[in-house]
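Please consult the sequence and the structure shown below while reading.

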Amino acid sequence: MNQATPILEVRDLSVQHTVAGGTSHEHLEAVRQLSLSVAAGEIIAVVGESGCGKSSLARAMVGLLPASSGEIYFRGAAVSGMDARARKDWRRDTQLLFQDPHSALSPRRRIVQSLAEPLEMLGVKADGEQQQRILSAIAEVNLPIDILQRYPHQLSGGQKQRIALARALLCQPRLIIADEPLSALDVSEQARLLSLFIELRKEKQIAFVLIAHDLAVVQQLADRVAVMYLGRLIELAPADSFFQSAAHPYSQALLQASQSNWHNTPANEPVLTGEPPSALTPPSGCVFHTRCAQVMDLCNRVVPEQQVLNQSETARGLHQVQCHLYSSQ
């Protein structure tokens, strides 16, 4: 495999949900023609308001949701053309951490039983080998051995999230997709989990796709930032470029709102008004034009094409944006 080949790549990916309404059914396009790649050891943060399609993207990346169009590539091979063995490798090497780890753990099983399950699926049957790998995973996430005999209800939220991470590590993944893994944790547990992510990236070259809403966490952790709005990827940038000079008006509004929260001071004026439009009936043209303070006549008629800012590519990639404000550059 070429060293430049991404671990995972999605090209023009769309994901639809069927919504029942009375006697008819409608199709909600949660992800719309989105392209994104993840390199070995890279941490990409996907940000945006609730309902923008972040979780649907995460689940499609691991095969829990089918793509309505587009393609997913794992280590350069199209998932749609894989045989059973190759699909098993993809699902083993790409692990998902859920926002609520409690729901991912059986309340009737001790932690050691929950951790043995993925090993059995991988064909690790010998008790001695299972025990060795479980103990190693527990040590990697900095938990005591006696936790193995407890039940999920006896653990804190942070401990359960680290158990979920340990279970993912048992599969020896190349990519972990973490869907809001910090949102239910207190500050100290958040710090512990962040440190673990950084350590795993450094020592094992594990890549992460971090679904997040806290931009302070994103600034600490991410190499690149992907901004979604109503199912579309509207900005993709190296983290330092994003936080210094976000290009899309929506990205700028998210940053301004977050900075007000960090300093615990009110913004001088509203940075983002109104609610996102319904994904069942998205606006024509630019999906953000109904809330944009810099809207032009063109915005409500034409979908903006992707523009590359500062043509020279950095070590962390290009700064790309879908906005008519940059179409003449």
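What share of the contacts in the protein with a separation of 6 or more is accounted for by residues 24 or more positions apart? Such residues account for 64% of those contacts. The model discussed here is a predicted one. Its secondary structure consists of nine helices and twelve strands.

**Overall dimensions and surface**

- The protein has a radius of gyration of 21 Å, which agrees with the value near 20 Å that a compact globule of 329 residues would have.
- Taken along the principal axes, the box filled by the C-alpha atoms is roughly 70 × 50 × 50 Å.
- Of the 329 residues, 48% count as buried.
- The accessible surface amounts to about 16,300 Å², and 46% of this surface belongs to carbon and sulfur atoms.

**Helix H1 and the glycine after it**

- Helix H1 spans residues 54–61 and is mostly covered, as six of its eight residues are buried.
- The buried residues in H1 are Lys54, Ser56, Leu57, Ala58, Ala60 and Met61.
- Gly63 follows H1 and has a positive phi, near 85°.

**Gln320 in strand E12**

- Gln320 is placed in strand E12, which covers residues 317–322.
- Gln320 counts as buried because its relative accessibility is 15%, and buried means under 20%.
- A polar contact of 2.7 Å joins the side chain of Gln320 to the side chain of Gln306.
- When residues up to four places away in sequence are not counted, Gln320 touches Ile234, Glu235, Leu236, Gln306, Gln307 and Val308.

**His289 in a loop**

- His289 is located in the loop that lies between helix H9 (249–263) and strand E11 (306–314).
- With a relative accessible area of 15%, His289 is buried.
- A polar atom of the His289 side chain lies 3.3 Å from the backbone oxygen of Ser284.
- Apart from its neighbours within four places in sequence, His289 is in contact with Pro283, Ser284, Val295, Cys299 and Asn300.

- Gln33 is a residue other than glycine with a positive phi, near 50°.
- Gln33 belongs to strand E2, which runs over residues 24–38.
- The relative accessibility of Gln33 is 52%, so Gln33 counts as exposed, a term that applies over 50%.
- Asn142, also a residue other than glycine, has a positive phi near 60°.
- The position of Asn142 is in the loop between helix H4 (127–140) and helix H5 (157–169).
- Asn142 is exposed, as its relative accessible area is 52%.

How values were computed
Residues are numbered from 1 along each chain as its sequence is written. This is a predicted model: local features need pLDDT of at least 70, side-chain atom pairs count only at pLDDT 80 or more; totals for chains, interfaces and linings use all residues. Side-chain values use heavy atoms; hydrogens and water are left out. Helices (H or I, at least four residues) and strands (E, at least two) are DSSP runs, numbered from the N terminus. Buried means under 20% relative accessible area, exposed over 50%, partly exposed in between (1.4 Å probe, protein chains only). A polar contact is a pair of N or O atoms within 3.5 Å; within protein, one must be able to donate a hydrogen and the other to accept it, and residues adjacent in sequence count only if both atoms are side-chain atoms. Contact means heavy atoms within 4.5 Å. The radius of gyration is taken over C-alpha atoms; the globule rule is 2.2 Å times the number of residues to the power 0.38. Accessible areas come from the Shrake-Rupley method with a 1.4 Å probe; for residues, only the protein chains shown count as cover.
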